[in-house]
Amino acid sequence: MRLVLILLFGVSSVLAFEPPNSDKRRDAVGPLQALPPVLQRLLSDGGSFRPMEKPLAGDWLSTNKEPGQTFAQYVQSRPNKPGDNGRGTIYLQPIGSFPKDGVQLESVRKYLEAFYQPMRVEMLHSMDESQLLVTTRVNRGTDKLQMNCTELLNELEHLVPADAYIVMAVTMTDLYPSEEWNFVFGMARLKNRVGVFSLARYGADDPQLALERAVKVVAHETGHAFGMAHCIHFRCLMNGVNHLGEADKVPQTLCPVCLRKLHYATGFDPVKRYSEASGWWLKNGDESLASWYSKRVKSLTR
Ligand SMILES: [Zn+2]
Ligand SMILES: [Zn+2]
């Protein structure tokens, strides 16, 4: 069975999760001594990263048993490497229509370009939902239409361009992965170069919040498509979430374990990446995140 990781909403049983201690967090990042000083600083927890805490009732780690994934385990998993076989582009694939006053997909594209640099991020022509052989249903709680995203990803796998590292679909329609689920915010495959996220549940009342939620879910799902599993070591963008309240508490940023995985995959320039992320947030209405990134740039270049 294909391994699928999802941001989901659903409660099963209550589990006891013990947050990893500082030794385990350090082991998850792995030894840094052989790395250049700028990477050692990038991957050191100088007070910029919050350790994972015990989950509250209903939170992801209270209902899902997560083994976590250390940097060494990530490397052992042989994730797809950007650029291999000419596959160096992240594509955004809009499906269906988007309201003019909603989240601007061009802003999302630019965000991904800063977050996943030096990869190219390009927008594909929009597809109509009817072009995909995907089952739909009406959600009993919301009375709104939902698409089966497992089927959607199966369809998308046939449409991945030859130069695509991944194709990340985006839709305004709500998603569900199989009958027993209520909904998911998004879903991505670790190895099969496809993912999807929905903007259906982010509301139109607060455009800033809708944008912040949109870039969070697309960066999270894209992280899965880079082969990154859910993070259990720190408060981190790659944490699994069960509900919108928990999603809003997840940081927009990657912890040292996940940063090391991303650096292994893309070889990004740490100063350039943080500087451009800071610039994006400054332009897009979150000065505190812009300043978090600027402080990290200073700590890298001190
Ligand atoms: Zn996830
Ligand atoms: Zn992490």
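Which residue in β9 is the bridge partner of M187? The partner is V196, and the views below start from that strand in a predicted model, in which local features need pLDDT of at least 70, side-chain atom pairs count only at pLDDT 80 or more, and totals for chains, interfaces and linings use all residues. Residues are numbered from 1 along each chain as its sequence is written, chains are lettered from A and ligands numbered from 1 in the order in which they are written, and side-chain values use heavy atoms, with hydrogens and water left out.

**View 1. Strand β9 and its two neighbours.** Helices (H or I, at least four residues) and strands (E, at least two) are DSSP runs, numbered from the N terminus. Strand β9 (194-198) runs parallel to β6, to which 5 bridges join it, and V167 stands opposite V194 of β9. With β8 the pairing is antiparallel and spans 3 bridges; two strands are said to pair if DSSP finds at least two bridges between them. The hairpin of β8 and β9 has 4 residues between the strands, and there R193 takes a positive phi near 70 degrees. In a regular strand the side chains alternate between the two faces of the sheet. In β9, V194, V196 and S198 lie on one side and G195 and F197 on the other, and all are buried, where buried means under 20% relative accessible area, exposed over 50%, and partly exposed in between (1.4 Å probe, protein chains only).

View 2. Within α6 (residues 149-157), the residues C149, L152, L153, E155 and L156 are buried. They cover an arc of only 160 degrees around the axis, which puts them on the same side of α6; the arc is that of the directions from the helix axis to the C-beta atoms. An α-helix has 3.6 residues a turn, so residues three or four places apart point the same way. The buried residues of α6 pack against β2, β5, β6 (164-171), β7 (174-176), β8 (183-189) and β9 (194-198), contact being defined as heavy atoms within 4.5 Å. At the start of α6, a side-chain oxygen of N148 reaches to within 3.0 Å of the backbone nitrogen of T150.

**View 3. E151 on helix α6.** E151, which is found in helix α6, is partly exposed, with a relative accessible area of 26%. Not counting residues up to four places away in sequence, E151 touches L133, V134 and T135. The C-alpha atoms of E151 and Y176 are separated by 9.8 Å, although these residues are 25 apart along the chain.

**View 4. The zinc site.** The zinc ion (ligand 1) is coordinated at 2.1 Å by the NE2 atoms of H220, H224 and H230. Donors are N, O and S atoms within 2.8 Å of the metal (3.2 Å for Na, K and Ca), and, as water is not among the atoms, sites may look incomplete. In sequence the donor residues follow the spacing H-x3-H-x5-H, and both H224 and H230 are buried.

**View 5. Aromatic pairs.** Rings of Phe, Tyr and Trp (its six-membered ring) pair if their centres lie within 6.5 Å, with planes under 30 degrees apart counted as stacked, over 60 as edge-to-face and the rest as tilted. By this rule the count comes to 16 aromatic pairs. The rings of Y111 and W280 have their centres 4.7 Å apart and their planes at 65 degrees, so this pair is edge-to-face. The pair links distant parts of the chain, with Y111 in helix α5 and W280 in helix α10 (residues 270-283), 169 residues apart; both Y111 and W280 are buried. W292 and Y293 form another edge-to-face pair, at 5.2 Å centre to centre and 85 degrees between the planes, and both W292 and Y293 are buried. Ring pairs also link Y111, F115, Y116, Y165, F226, W280 and W281 into a cluster.

View 6. The peptide bond from Q117 to P118 is cis, with omega near 10 degrees, and P118 lies in the loop between α5 (105-115) and β3 (120-123). N85, in the loop between α4 (71-76) and β2 (89-95), has a positive phi of about 55 degrees although it is not a glycine, and N85 is exposed, with a relative accessible area of 70%.

Conventions: Polar contact = N/O pair within 3.5 Å; in protein donor to acceptor, adjacent residues only side chain to side chain.
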